[in-house]
Amino acid sequence: MRRHGCTMLMLALSAAMVGCGGVSTDGPNVVGPIPEMVAMQRPPIEDLPVPIGFYLDEGKSRNFTAAGARYIDHAYSGRADKFAVGRFYKRQMPIRRWTLVTDMFVQGDIMLDFEKDTERCRIRISDSGLFGSTKVKMAVWTSGRIVPPAGYGSSRSSRTR
């Protein structure tokens with residue numbers, strides 16, 4: 001009798017999983033539009049959007065500014081489809097004046113490169129399997145000549161004359 005109960009439970013779970021196939025966006029089974037991700041109102045770095053529900057991993061992140069250049073190396077994690085996260089960044093980065101220059105899918109990861117002024121930003125999106133979280137690795141660095149801010153070093157140059 002117990003074996004029959006287990007079989008029925010497995011059958012019910014299988015039927016539930018088949019019935020929960022999710023929302024399809026192609027073909028005749030279109031249920032409706034998939035909602036787009038929304039950006040945090042106040043992300044850790046003002047011009048780098050972060051989807052709501054993603055959190056900064058402070059132990060794996062750093063950022064600093066030196067001589068007019070900034071360096072950002074942030075890691076975020078959250079629960080979302082990595083392709084939805086990729087679409088989020090392709091939509092949100094241009095709003096903050098970033099231009100998409102490279103869009104790659106490499107060994108299961110999405111890599112997006114953006115440029116703005118003298119900076120370059122690489123966003124790498126990966127997932128950790130069926131029950132893991134989606135990881136976003138964001139790096140910003142100076143891609144051209146570093147121009148010091150106005151007035152930087154002016155007191156030193158006046159002393160050496």
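1. Basis of the model. The structure is a predicted model, in which local features need pLDDT of at least 70, side-chain atom pairs count only at pLDDT 80 or more, and totals for chains, interfaces and linings use all residues. Residues are numbered from 1 along each chain as its sequence is written, and side-chain values use heavy atoms, with hydrogens and water left out.

2. Overall fold. The chain holds three helices and seven strands, where helices (H or I, at least four residues) and strands (E, at least two) are DSSP runs numbered from the N terminus. Their order from the N terminus is α-β-β-β-α-β-β-β-β-α. Of the 161 residues, 30% are buried (under 20% relative accessible area, with a 1.4 Å probe and protein chains only).

3. Helix 2. At the start of this helix, a side-chain oxygen of Asp81 comes within 3.1 Å of the backbone nitrogen of Phe83. The buried residues of helix 2 include Val85, Phe88, Tyr89 and Gln92. The buried residues of the helix pack against strand 4 (99-106), strand 5 (109-116), strand 6 (119-127) and strand 7 (134-142).

4. Gln92. This residue lies in helix 2 (residues 82-92). Gln92 counts as buried because its relative accessibility is 11%. Beyond its neighbours within four places in sequence, Gln92 is in contact with Ala39 and Pro49 (contact means heavy atoms within 4.5 Å).

How values were computed
Buried means under 20% relative accessible area, exposed over 50%, partly exposed in between (1.4 Å probe, protein chains only). A polar contact is a pair of N or O atoms within 3.5 Å; within protein, one must be able to donate a hydrogen and the other to accept it, and residues adjacent in sequence count only if both atoms are side-chain atoms.
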